[in-house]
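Dear colleague,

I am handing over the structure below, and after it I set out what was found. Please read the notes with the structure open beside them.

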Amino acid sequence: MDAREPDLRMLDRALVGLRRFLTAPPVLDDQGRAVELSTLLVLDELPTEGQSVQQIATRLGVAHSTASRLVTRAEGAGMVTRTESPDDARRRLVVPTAAGRELRDRAAEFRLERLADIVDGWTPDEVHTLARSLHRFAQDQGAARGHRGSGATPL
């Protein structure tokens with residue numbers, strides 16, 4: 001038996017329990033306007049100077065065609081626009097619009113307020129330890145997923 005098994009089981013249960021926290025409906029209400037979750041995924045971490053659809057696909061861990069569809073939806077919602085790259089006229093960049101930047105900022109503020117409410121009563125050291133550990137976990141999980149391919153996860 002692996003000496004870490006009790007902790008791994010506790011971590012497994014915690015991650016399964018976090019599903020409710022991390023699961024969002026496909027369409028969100030933003031000040032009375034319906035916004036697709038995929039639009040927020042495109043906007044999240046999209047730099048003001050923009051990214052190519054391929055860079056967005058890589059960041060999201062999806063196929064280029066999927067990223068292209070997501071960008072088209074975000075563009076239709078007025079949250080991004082496609083522009084010519086200043087470095088290469090053949091290349092197009094996806095750039096957030098003012099409305100897209102505002103939406104991204106409101107979503108981040110909402111998430112931060114929600115997290116602050118959850119950890120209310122925790123010490124700064126406890127919050128720091130959790131943040132550092134989850135950040136490392138997310139990085140390691142992403143690296144492990146890249147090594148194993150993108151096949152279905154067994155139950």
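Predicted model: local features only at pLDDT ≥ 70, side-chain atom pairs only at ≥ 80, totals over all residues.

Residues are numbered from 1 along each chain as its sequence is written, and side-chain values use heavy atoms, with hydrogens and water left out.

Seven helices and four strands are present, and from the N terminus on they run α-α-β-β-α-α-α-β-β-α-α (helices are DSSP runs of H or I with at least four residues, strands runs of E with at least two, numbered from the N terminus). The C-alpha atoms fill a box of roughly 60 × 35 × 30 Å, taken along the principal axes.

Of the 155 residues, 20% are buried (buried means under 20% relative accessible area, exposed over 50%, and partly exposed in between, with a 1.4 Å probe and protein chains only). Among contacts (heavy atoms within 4.5 Å) between residues at least 6 apart in sequence, 45% join residues at least 24 apart.

Asp 117 lies in helix H6, which spans residues 98–118, and Asp 117 is exposed, with a relative accessible area of 61%.

With regards
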